[in-house]
Every structure is written in structure tokens, then in C-alpha cells.
Amino acid sequence: MIRDRRLPPTPRGVLRDVARLRQRTERDFDRSGQELFAATELLDRMHSSFGEVAEFFAPANLQRLGGVARDLTTLAEGAEAGVAAFRTSVGELGRAVDAARLSLRDLRLRTHTAAMVSLNARVLGESFAARDPALDGFGQDMRRLSRDASDAVEDLVTRMEDGARGIEGLTRDAVAMDAVISGTILPRLRDFAGLLLKLEAEGAQLQKTAAGISDRVQAVRRGVSDVVSQLQSGDATRQRLEHVETMLDRRDGEVVTRAVLALASAQLHAAAEEVRGALDRTGRSLNEVHQNATTLASAAGGALPARGGGAGDVERLGAEVATLRESFAACRGHERRIGTAARPLHRALDEILDQSRQIADFESSMTLIGLNAILVSSRLGQDGSAMTEVSQQLRDVSRQISASYRDLLDAIRRIGAQKDRLGTGDGDGDAIWSEAQADAGLDALDGIVTDLRERRATTEALIGRCRDEVLTPLREAEARLRAFRDATGALDAAAEAAARLADGAAPAAHPDLMAELRRLYTMEAERQVHDRVAGHAPFETETSPAEPAEDDIDNILF
């Protein structure tokens, strides 16, 4: 703060005032320069980040997006067709199991009928045994065969129910896999394919927007750099004030002469005019850069893909891809369980087929015994007619058992065929899609999504930081330098105080001292002021010295 002007100024007082002004110059200009230089580093990163966004939507990469989209569409179409066939197989498997159970029910019913007919044959055979012992043997054989057939059918029923439980487990996994594919995988594959095709279609415009934003960031960065360069005027002012301090800081009883005070006053006046001109130019530049940076911060988000619901929201893309991978893994788990269930089911069906061959032998054996019984009973005349009728009934029920057996074989073959379509015995088949194709599609999708999410996250973070680390420093630098501009009157006051001191100072001049002072200067503008003052009366100072050349500021020694 300048001393109270009502008190007579002293060289020491002016020296203190100049020192305080120099310190404020260093503080305000250096702080503004440091903050704005840091802002240029952030703007460099923004420029690079938007350049990467533009590169993401370059034509070659857009072709890759479209290719992956079409691969996902093909995968979805194949999965849709596969799951439709899968669903058909599950339905057919259920119908085949129902048909097998119906055939077994008929077999059980007809073997019971055969057992009753055989019992009648045995009773008749025993009643005629005294007249023809062969009839008794035929009845016992019929009874034994029907009992064996009945036991075989009951064993088939047990095995079939065991196999049916395996089929139920297989069917549950098949239905669960159908639900995962239809409810999760297919919608997400279509969503991602649609998103990638949308990005492919809008990519050229997005690339243009991102490149435009990148150029605007670079323009703001150049503007801030220009302001930082202009702030070197503060170093010019600081050096002038340091030189004035050297002029006024006389020791060992030295008297500050009139010429030195006049020179200090002239340099202070020149410094005041110079820094005001520089601050006016810097203020205009700061205002323009601040406006451009504000507009940039508002427009930067437009260079990124728009947010949206579902898979269109890039913030959710990572989770969506993870869910898709989990769904594919769940399907593979179901496929493995289907394959695991198919192995014992395969064995059970083989055992059922082996066991059912006993039923196939039943008709021929019973038919042969029945024919022999009819021939023997014919020797009894009218008395053997009952045995003939029972033998014919047994032959008829044997044919019915044989028909039910063929129906059972057909149902078992259908079960085996649908079981093979649902999953191979080792569970490694491509029942719905090629696992290699699915993995390749997911990996490509994951890479694109990760790239897109990272670029957006980085760019959005930089845009957010732009407000705090670019706009705020620009605004604060404007305010700080404006306040400094308003305070430059203190330089004029110090110059006037030095001029008043010069009026009453000793007139003696020391040429060696003036030459020594001239050697202090690092800027041509200082030398010009010095030469003008040294060539005039000490109190005829220049109040409006010429502005320094640009080279003066650029060549300041730090």
C-alpha cells in the first residue's frame, strides 16, 4: 500500500511501496500463469480424447462395427431357428413318452387278460387230463408263458418309469434353456446388433462432431497458451520494479540524487502505462477464451453417442455383455446336464428294448401251444370244444400283445431320436449354435463395448474437469488481473512521489552511477526511457513512453 500522501515522501518509503507492488506483480501474474498452464495440459488431453472418439468412428472401424452386428444377427437367427427345433423336439419327446406309457398300459392290461385265459386253459386241461394228459401240459405251459409275459411287462413298466424320470429332468433343462435363449439371449443379441448398426449408420456424423470438438478444444488451448504468453508482461513489470528498487536502495550514506529519482519516476510511469496496455490486451483475450471454453464445455457432450434405454445406454453396456455371457454359460450348463441325463436314459432305453424281446417271443410261443392244444382237443370231439375256444382266445390276446409291443417299440425309437436331437451323449454338441461362433461374437462385442465405454467415460470425465480446471481458472484470472489493472494507479502514485522527492533532492549527478544503472536493463524500452531522462533536466520526465517491442517481452531473463 502507498504511503499517506499527506506526509512528505522519502526514498525509503517509495522503495517499500515499489517492493510491495513488485511482490503483488509476482503473486498475481505467476499464479494466473501457473493455473492457465495447467489448463493447457487438460485441454491437450481433451484434444487427444476427442481425437480417439473420432478415430473410433473412422470408416474402417465402422465397417468392423457393421460386421460384428451382422455376425450377431446371424447368431441370433441361428439360435432362433435352433431353439424352435429344440422346442419341437421337447414337445415330441413328451408325446413319445406318453405314447410309450400308453403302450405299456395296454401291454399290462392284455397280459392280465392272457393270464386269465391261461388260467381257464389250465383248469380245462386238468379236467381232461385223465382222457388226454397232453391237454393238462398245454394248460400249464400257457399259464407259465402268460405269467412270464406279465412279469416282463411289469419289469418294462418299472424301467420305463425310471427312464421317464430321466426324461423329465432332461426336459426341465431343455425348457429352462429355451427360456434363457428366448427371454435373454435373443433379445440382447438383437439389441446389440441394432445398437452397432445404429452406430455404423450415425458414425460418420459422430466422427465429424468429435473431430469438430477436437479442433475447437485445440483452438481454446491455443487461446489459453496465448494468454499465458501475454502474462509474461508481468515479468517485464517485475523486472522494471526490481531495477527501480536497485536505483533507490542506496547504502553507506549514499544520497539518492535528483537524476536517479527522476529516472525512477520515469521508469515507474512507463511501467504503469506498459502493464495497463498489456492487461487490456490480456483481458480481451481472456474474455474471448473464456467464452469459447464455456461454449465448448456445453457442446462437447454432443460428440458422444446419445444415451438411451436398454442396450443403447452405454453406461449399461458392460453389464449387458456380462449378462449375455452368463446366459450363454447357463445354456451350456443346461446342455451338459441334458447330455448327462441322456447317458443313463440311453442305457435305460437299450435295457427296455432287450427286455421287450421277451414279449416278441410270447406271441409265437403262445400261438404254437394254442395250435397244438386245438389239435389234441379235437380228438375229444364235442367235449374238446371248450379247450379249442380258450386256445383261440389266447391266440387273439397274443396278437393284441404283439401289436402293443410294436407300438411300444415305435415310441421308444421316437424317444431315442428326440433325445439325440436335444443333446449328444457327452453333452458337447452344438444343439443350438456353434460355441466357437458364439464365443467369437461375444469377444468382438465385448471389445467394442469396452472401447466405447472407456472412451466415453474418459471424455466425460475430462469435460467435467474442464469446468473446474479450465473455466474456473480463466474466470479467476480475469478477476485477478482486472483487480490488478485497477490497482496500477499505485505505480503512478509511486512515480509522483519519486518526482516530488526529485524536486528537493541534491542536484549532483554521478555519470558512473547512471552508466551502471543503464547496464541493469534487459529490455530496450527501459534503455530508451533512461536515455531520454539522462538527456533532459531531471524533472522533465516522460509520462507516456513508447510501448516496448514484442521482442523485449519475449527476451526477458528469468
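**Helix packing and confidence in a predicted model**

Two stretches call for caution. Over residues 307–312 the pLDDT is below 50, and this stretch has 13 contacts in the model beyond near neighbours in sequence. Residues 424–429 likewise stay under 50 in pLDDT, and the model has 10 contacts for them beyond four places in sequence. Where pLDDT is low, the predicted coordinates should not be read in detail.

I turn now to helix 11, residues 524–534, and its packing with helix 5, residues 258–299. The two pack at an angle of about 140 degrees, with their axes 10 Å apart. Helix 5 is therefore oblique to helix 11, and the crossing is right-handed. On the side of helix 5, the contact involves Ala-262, Leu-263, Ala-266, Gln-267, Ala-270 and Glu-274. These meet Ala-525, Glu-526, Val-529, His-530 and Val-533 in helix 11. By class, the contact comprises seven nonpolar, two polar and two charged residues.

Is Arg-22 buried or exposed? Its relative accessibility is 15%, so Arg-22 counts as buried, the cut-off being under 20%. Setting aside neighbours within four places in sequence, Arg-22 is in contact with Arg-238, Leu-241, Glu-242 and Glu-245.

Thank you for your attention.

Notes:
Residues are numbered from 1 along each chain as its sequence is written. This is a predicted model: local features need pLDDT of at least 70, side-chain atom pairs count only at pLDDT 80 or more; totals for chains, interfaces and linings use all residues. Side-chain values use heavy atoms; hydrogens and water are left out. Axes are lines fitted to C-alpha atoms, for helices over the stretch in contact, and angles run from 0 to 180 degrees between N-to-C directions. Helices (H or I, at least four residues) and strands (E, at least two) are DSSP runs, numbered from the N terminus. Angles under 35 degrees count as roughly parallel, over 145 as roughly antiparallel, 65 to 115 as roughly perpendicular and the rest as oblique. A crossing is left-handed if the near helix is turned anticlockwise from the far one by less than a right angle, and right-handed if clockwise. Contact means heavy atoms within 4.5 Å. Ala, Val, Leu, Ile, Met, Phe, Trp, Tyr, Cys and Pro count as nonpolar, Asp, Glu, Lys and Arg as charged, and the others, Gly among them, as polar. Buried means under 20% relative accessible area, exposed over 50%, partly exposed in between (1.4 Å probe, protein chains only). pLDDT is the predictor's confidence in each residue, from 0 to 100.
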